[in-house]
Amino acid sequence: MMDKKPHIKPYLYGMFAGFGAISLSILFFFLIYRFQGFGNAVSTLTGILMPFIYGSVIAYLLKPVCNWLEAFLHKLFPERMHRFANMLAVALTILFGLLLIYALIMMIVPQLINSVTALYFTARDNIGDFVEWISKQEFIANNKKLLDFIENSYDSLDANLDAWIKNTLLPSMQNILSGAAVGVVNVVTWIKNFVIGLIVSVYLLASRKKFGQQGKLILYSLVKPCWADLIMEEVRYADRMFGGFINGKILDSAIIGVLCYIACLIFKFPSALLVSVIIGVTNVIPFFGPFIGAIPATLLILIQNPIKALWFVLFVLVLQQVDGNIIGPKILGNTTGLSSFWVLFAILLFGGLWGFVGMIIGVPLFAVIYDVIKKLVFHGLNRNDESGMVSLYHDAFGDPDDE
């Protein structure tokens with residue numbers, strides 16, 4: 001006997017599909033027309049979660065140190081004391097991070113203040129010497145109007161600078177202090193977020209394996225095992241990419257900064273520490289970092305000693321060649337697997353979106369996106385039985401199992 005009841009499953013699937021499409025369309029247009037309000041909501045949520053963001057960044061950067069200490073302490077303590085060894089490793093890791101920050105502050109800040117102060121007085125004296133020298137040149141000395149213009153401009157600059165300090169800057173200190181209240185609040189907020197983030201990082205480091213297991217169980221409970229395996233593989237790849245690139249780049253930049261400082265002391269370049277800090281910090285940025293750091297550093301030396309500025313430019317070129325061909329490849333290797341074109345694209349894209357932070361994380365982030373696209377193309381070709389395209393795929397992307 002024929003079943004006269006209609007099968008409702010296709011209709012239900014169609015109804016849910018239509019409802020989902022309409023809902024996504026409404027959400028899409030809402031985000032477009034209310035983008036400013038959506039952005040404000042995201043900014044508010046980010047501000048609330050900022051301590052957890054700080055804590056996550058601190059924990060991720062210190063994770064290699066914690067892993068090394070934990071493995072080392074496990075060899076020293078018996079198995080029954082491994083729990084205590086884990087807690088001790090976390091405590092020593094946080095202590096290491098705090099001591100490192102303290103050492104950097106105590107080493108850099110006083111020298112930075114001295115360098116800026118010396119730069120101000122040196123620049124002022126050099127301007128005076130330059131005006132005196134140019135006034136004695138035959139062409140200038142014979143042109144009374146031009147000579148009077150140079151001398152009047154210098155006298156006006158000198159007088160206006162002193163007058164601005166005495167009559168404007170000092171009397172307005174009260175306004176500056178009252179206006180600085182907002183800055184003080186921002187500093188206090190940053191310190192609060194950093195302290196809470198430090199506490200969060202302790203919990204994250206102590207429970208990193210437990211959180212990893214929980215995330216893995218949640219993933220396998222939501223999707224099929226084959227997809228869960230692919231996602232876990234990509235998460236491990238992203239961890240290797242970000243951890244290897246960022247930590248390696250920080251170590252590479254620290255070495256470059258130290259080498260630059262030693263060379264500045266040997267060749268007696270002015271503002272050695274300030275210049276070295278600029279070179280080291282900007283070297284974290286791939287591709288553009290050496291150029292971004294070399295320009296302000298050269299200008300600082302140029303103000304104090306033009307001849308040494310030329311030698312500094314030559315030194316920076318040599319230092320960057322050493323970094324690009326010896327130090328960088330030894331530490332980083334070819335961690336991203338991206339061509340120079342995609343490295344440049346990632347830096348410009350994410351630098352435009354997120355500024356300095358985007359320039360640092362843009363390359364590993366784009367490397368992960370590139371790897372996902374590469375694997376999707378490979379699985380798509382296999383699914384569509386495009387065996388003739390496999391050789392072309394290898395030429396275009398390489399071996400998908402290389403990572």
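Reader: K375: buried or exposed?

Author: K375 counts as buried, because its relative accessibility is 13% and the cut-off for buried is under 20%. The model is a predicted one.

Reader: What does K375 form a salt bridge with?

Author: With D371; the closest N and O atoms of the pair are 3.2 Å apart.

Reader: Where do K375 and D371 lie?

Author: Both are in helix α13, four residues apart, which is about one turn of the helix.

Reader: And D371, buried or exposed?

Author: D371 is buried, as its relative accessible area is 1%.

Reader: How many salt bridges does the structure hold?

Author: Seven. One of them pairs R208 with E70, where the closest N and O atoms are 3.1 Å apart.

Reader: What is the relative accessibility of E70?

Author: It is 6%, so E70 counts as buried.

Reader: What about K209, which residue does it form a salt bridge with?

Author: Also E70, with the closest N and O atoms 2.7 Å apart. In general, side chains of opposite charge can pair when their charged atoms come close.

Reader: Stepping back, how many helices and strands are there?

Author: The protein has 14 helices and zero strands.

Reader: What share of the residues is buried?

Author: Buried residues are 27% of the 403 in the protein. The exposed surface comes to about 27300 Å², and carbon and sulfur atoms supply 72% of that area.

Reader: How much of the contacts comes from residues 24 or more positions apart?

Author: Among contacts with a separation of 6 or more, residues 24 or more positions apart account for 65%.

Reader: Pockets next. What is the volume of the largest pocket?

Author: About 2300 Å³. Its lining has 46 residues, and L61, L100, I101, L104 and I250 lie nearest the centre of the pocket.

Reader: Which elements give two or more residues to that lining?

Author: They are α3 (50-76), α4 (82-135), α7 (173-206), α9 (225-267), α10 (272-282) and α13 (340-383). Helix α4 gives the largest share, twelve residues.

Reader: How does the lining divide by class?

Author: There are 38 nonpolar residues, eight polar ones and no charged ones.

Reader: You listed α10. How many of its residues are buried?

Author: Nine of the eleven, so α10 is largely enclosed by the rest of the structure. The buried residues in α10 are A272, L273, L274, V275, S276, I278, I279, G280 and T282.

Reader: Which residues is C260 in contact with, leaving aside neighbours within four places?

Author: S276, I279, F312, F315 and L319. C260 itself is in helix α9, and it counts as buried because its relative accessibility is 0%.

Reader: How far apart are C260 and F312?

Author: They are 52 residues apart in sequence and 10.0 Å apart in space, C-alpha to C-alpha.

Reader: Over to α7. What does N193 contact?

Author: Apart from neighbours within four places in sequence, N193 is in contact with M50, P51 and Y54. N193 belongs to helix α7 and is buried, with a relative accessible area of 8%.

Reader: Last one: what is phi of K268?

Author: Phi of K268 is near 60 degrees, a positive value in a residue other than glycine. Most residues other than glycine have a negative phi.

Reader: Where does K268 lie, and is it buried or exposed?

Author: K268 is in the loop between α9 and α10. K268 is exposed, as its relative accessible area is 63%.

Definitions and conventions. Residues are numbered from 1 along each chain as its sequence is written. This is a predicted model: local features need pLDDT of at least 70, side-chain atom pairs count only at pLDDT 80 or more; totals for chains, interfaces and linings use all residues. Side-chain values use heavy atoms; hydrogens and water are left out. Buried means under 20% relative accessible area, exposed over 50%, partly exposed in between (1.4 Å probe, protein chains only). Contact means heavy atoms within 4.5 Å. Accessible areas come from the Shrake-Rupley method with a 1.4 Å probe; for residues, only the protein chains shown count as cover. On a 1 Å grid over the protein atoms alone, a cavity is a set of points where a 1.4 Å probe fits but cannot get out, and a pocket is an open set with protein on both sides within 12 Å along at least five of seven lines; lining residues have an atom within 4 Å of a point. Grid points are joined across faces, edges and corners, and a volume is the space filled by probe spheres set on the points. Ala, Val, Leu, Ile, Met, Phe, Trp, Tyr, Cys and Pro count as nonpolar, Asp, Glu, Lys and Arg as charged, and the others, Gly among them, as polar. A salt bridge is a side-chain nitrogen of Lys or Arg within 4 Å of a carboxyl oxygen of Asp or Glu.
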